[in-house]
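Take a look at the fold before reading on.

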Amino acid sequence: MKGTGRGIGDILLRRIDAIRILMEYISDELIVCNIGFPSKELYHIKDRPENFYMLGSMGLCSSIGLGLALSLDNKVIAIDGDGSILMNLGTLSTIGHTQPDNFILYIIDNSAYGSTGNQKTQTETTSLRDIARACGIDAIEVFQEEELRKVIKESLNRNRTKVIVVKVAPYNEKVENIPLHPMYIKFRFMESIKNCKNNIKNENKNNKDYYNKNNKIKK
Ligand SMILES: Cc1ncc(C[n+]2csc(CCOP(=O)(O)OP(=O)(O)O)c2C)c(N)n1
Ligand SMILES: [Mg+2]
């Protein structure tokens, strides 16, 4: 891999391992999860009202997560895929520009469009970590479980935008489809946001502060 001295041979984890390890450290954080197998694997590991499973479009998980992080004080984690990030690379620029201190983008990079049959993406040559860094984000690429656990713990304890790129082998766990109606997923998630300590009422304040900071609103 570019700049790391590490490569395909260092990859031992699978996407389901990366999700399982993350979930061991999760308490009340909000999670937005990429469409397809990532969501199915997350549902299989730990379903909870604070999980929002993407249905339909690829590419927007990180953007929805960012919007939530800008609107709420709770920690928000977007579990995304390399294919989806490549489809919406502008998301990294927007994250780098806005830098909400309560946002973690957890990119599970299997160098493949895993959910549709593991067709190859270009992340064996394109470093998502380096692109995130070029956007001003504190970003890291992780290959091994021990290092991943350390990075997750640090990122959850620190108030700083973080991009974690977990390099995994292309593999889809044999898990059932999510048996929840899309509207149920949506309303259950909305309900869990209502219960957040600092809820959506802060949205206007956060937006105003952000725009004021950037001289968009002059008073
Ligand atoms: C706009 C759009 N294009 C294509 C698809 C079909 N599709 C669903 S998941 C997926 C692969 C996603 O790849 P990645 O984000 O890397 O996640 P992975 O499945 O590898 O974990 C594709 C092509 C879609 N749902 N929406
Ligand atoms: Mg992928």
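Predicted model: local features only at pLDDT ≥ 70, side-chain atom pairs only at ≥ 80, totals over all residues.

Residues are numbered from 1 along each chain as its sequence is written, while chains are lettered from A and ligands numbered from 1 in the order in which they are written.

Start with the largest nonpolar core, which has 50 residues. Such a core is a set of buried Ala, Val, Leu, Ile, Met, Phe, Trp, Tyr and Cys residues joined through C-beta atoms within 7 Å. Buried means that 20 or more other C-beta atoms, placed from the backbone, lie within 10 Å of the residue's own. Cys 33 and Ile 79 are among those with the most contacts inside the core. Strand β4 (residues 103–109) gives the largest share, six residues. Strands here are DSSP E runs of at least two residues; helices are H or I runs of at least four.

Now turn to strand β3 (residues 76–81). Six of its six residues are buried. In a regular strand the side chains alternate between the two faces of the sheet. Val 76, Ala 78 and Asp 80 lie on one side of β3, with Ile 77, Ile 79 and Gly 81 on the other. Strand β1 (residues 30–33) pairs with β3 in the parallel sense over four bridges; pairing takes at least two DSSP bridges. Ile 31 has Ile 77 as its bridge partner. Six bridges join β3 to β4, also parallel.

Helix α2 (residues 37–45) is largely enclosed by the rest of the structure, because seven of its nine residues are buried.

Terms used. Buried ≥ 20, exposed ≤ 12 C-beta atoms within 10 Å, placed from the backbone.
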